[in-house]
Amino acid sequence: MTIPSQISTAIDNSVRALRPLLDGIIPDILLVPGSGWGSAAHSIGREIFSVPAPSIPGFTDSPVAGHTARIQLLALDHEDGLPFHALLLPRTHFYEERGADAVAHAVRVAAALGIKKAILTNGCGSANPQIRPGCVALIADHINLTAATVLHGATFIDLSDAYSPRLRALVHSVDSTIPEAVYAQFPGPQYETPAEVRMAIALGADLVGMSTALETIAAREAGVEVLGLSLITNAAAGTTPGESLSHEEVLEQGASSKDQLAQLLARIIQVWPRY
Ligand code: 8IG
């Protein structure tokens with residue numbers, strides 16, 4: 001078994017709604033904007049179309065109040081002078097309780113549209129004192145702590161190089177100071193206890209978050225190459241004495257990092273491989 005038929009039908013329905021909007025364009029990348037990345041990601045190029053996510057079957061509104069998720073196609077500058085297109089699709093988090101296939105949906109729709117590469121971004125906590133809030137880190141590997149998978153049946157997917165070594169090298173060619181990190185996906189939505197953060201550190205994680213790992217598994221199943229970028233919005237629980245975590249802190253870090261993130265994404269895309 002690979003993907004059950006009702007799930008392929010849901011993917012087909014999204015694809016059928018997106019195709020006319022794309023008007024023959026096969027986007028060069030899927031870009032998934034994570035916490036803190038939204039306003040940067042949505043402003044890095046010239047907008048070709050932008051629709052509310054719930055207008056496309058299979059996509060729903062953001063559960064976080066005060067903002068409507070959008071599906072957007074952007075045209076960006078590339079060093080080769082040819083058109084470059086990024087499709088922005090919103091994320092479904094595992095904690096939304098729509099199941100692992102809903103988490104995988106955006107990646108699978110992108111793959112079905114012919115998209116071969118994805119930039120998955122997220123906001124996360126850092127358990128590594130060398131990687132501070134406000135920094136961007138390159139995901140080099142993940143630890144899936146959700147006790148779930150997006151795969152069905154005996155589907156054996158190689159994750160040895162899940163986060164593309166050549167795309168990581170590309171990012172380092174743009175900014176050699178960006179640290180590489182191991183990202184642990186917790187199920188959420190609660191943040192970790194200090195003991196859970198110590199566990200994650202003992203397991204080899206640098207970053208703790210609530211996304212990306214399951215999406216990467218879906219991407220690798222679909223043959224999509226993955227670049228994972230994390231914005232560190234907070235120190236993980238218990239790693240800075242006397243501090244507590246808030247969603248406001250996350251939003252503030254995103255707002256104050258907007259220009260840095262937009263510039264980083266634009267520079268990465270400028271040198272993005274065509275094949
Ligand atoms: I933004 O500290 C953000 N997302 N699990 N822990 C987890 N997810 C997060 C955190 C964090 N910060």
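How many residues surround the ligand, and which are the closest? The legends below take up this question and then turn to other parts of the predicted model.

Figure 1. The ligand is surrounded by 16 residues. The closest of these are Gly123, Gly125, Val208, Thr233 and Val250. Two or more residues of the shell come from each of strand 5 (117-126), strand 8 (207-209) and strand 9 (225-235). Strand 5 gives the most, with 3 residues. By residue class, the shell around the ligand divides into 8 nonpolar, 7 polar and 1 charged.

**Figure 2. The packing of helix 3 (residues 100-112) with helix 6 (residues 213-221).** The crossing in which helix 3 passes helix 6 is right-handed. On the side of helix 3, the contact is made by Ala100, Val103, Ala104, Val107 and Arg108. On the side of helix 6, Leu214, Glu215, Ala218 and Ala219 take part. The residues of this contact comprise 7 nonpolar, no polar and 2 charged.

**Figure 3. The packing of helix 1 (residues 5-22) with helix 3.** Helix 1 and helix 3 pack at an angle of about 55°, and their axes lie 9 Å apart. This angle makes helix 1 oblique to helix 3. Helix 1 passes helix 3 in a crossing that is right-handed. Helix 1 contributes Ile7, Ala10, Ile11, Ser14 and Val15 to the contact. These residues meet Asp101, His105, Arg108, Val109 and Ala112 of helix 3. The contact of helix 1 with helix 3 consists of 6 nonpolar, 2 polar and 2 charged residues. Arg108 of helix 3 takes part in the contact with helix 1 and also in the contact with helix 6.

**Figure 4. The cis peptide bond between glycine 188 and proline 189.** The omega angle of this bond is about -5°. Proline 189 belongs to the loop that runs between strand 7 (180-185) and helix 5 (194-203).

**Figure 5. The backbone at alanine 147, where phi is positive.** Phi of alanine 147 is near 60°, and this positive value occurs in a residue other than glycine. Alanine 147 is placed in the loop between strand 6 (136-144) and helix 4 (165-174).

**Figure 6. The setting of the close-up views within the protein chain.** The protein chain contains 7 helices and 9 strands. Along the principal axes, the C-alpha atoms of the chain fill a box of roughly 55 × 45 × 40 Å.

Conventions: Residues are numbered from 1 along each chain as its sequence is written. This is a predicted model: local features need pLDDT of at least 70, side-chain atom pairs count only at pLDDT 80 or more; totals for chains, interfaces and linings use all residues. Axes are lines fitted to C-alpha atoms, for helices over the stretch in contact, and angles run from 0 to 180 degrees between N-to-C directions. Helices (H or I, at least four residues) and strands (E, at least two) are DSSP runs, numbered from the N terminus. A crossing is left-handed if the near helix is turned anticlockwise from the far one by less than a right angle, and right-handed if clockwise. Two residues are in contact if their C-beta atoms, placed from the backbone, lie within 7 Å. Ala, Val, Leu, Ile, Met, Phe, Trp, Tyr, Cys and Pro count as nonpolar, Asp, Glu, Lys and Arg as charged, and the others, Gly among them, as polar. A residue is near a molecule or strand if its C-beta atom, placed from the backbone, lies within 6 Å of it. Angles under 35 degrees count as roughly parallel, over 145 as roughly antiparallel, 65 to 115 as roughly perpendicular and the rest as oblique.
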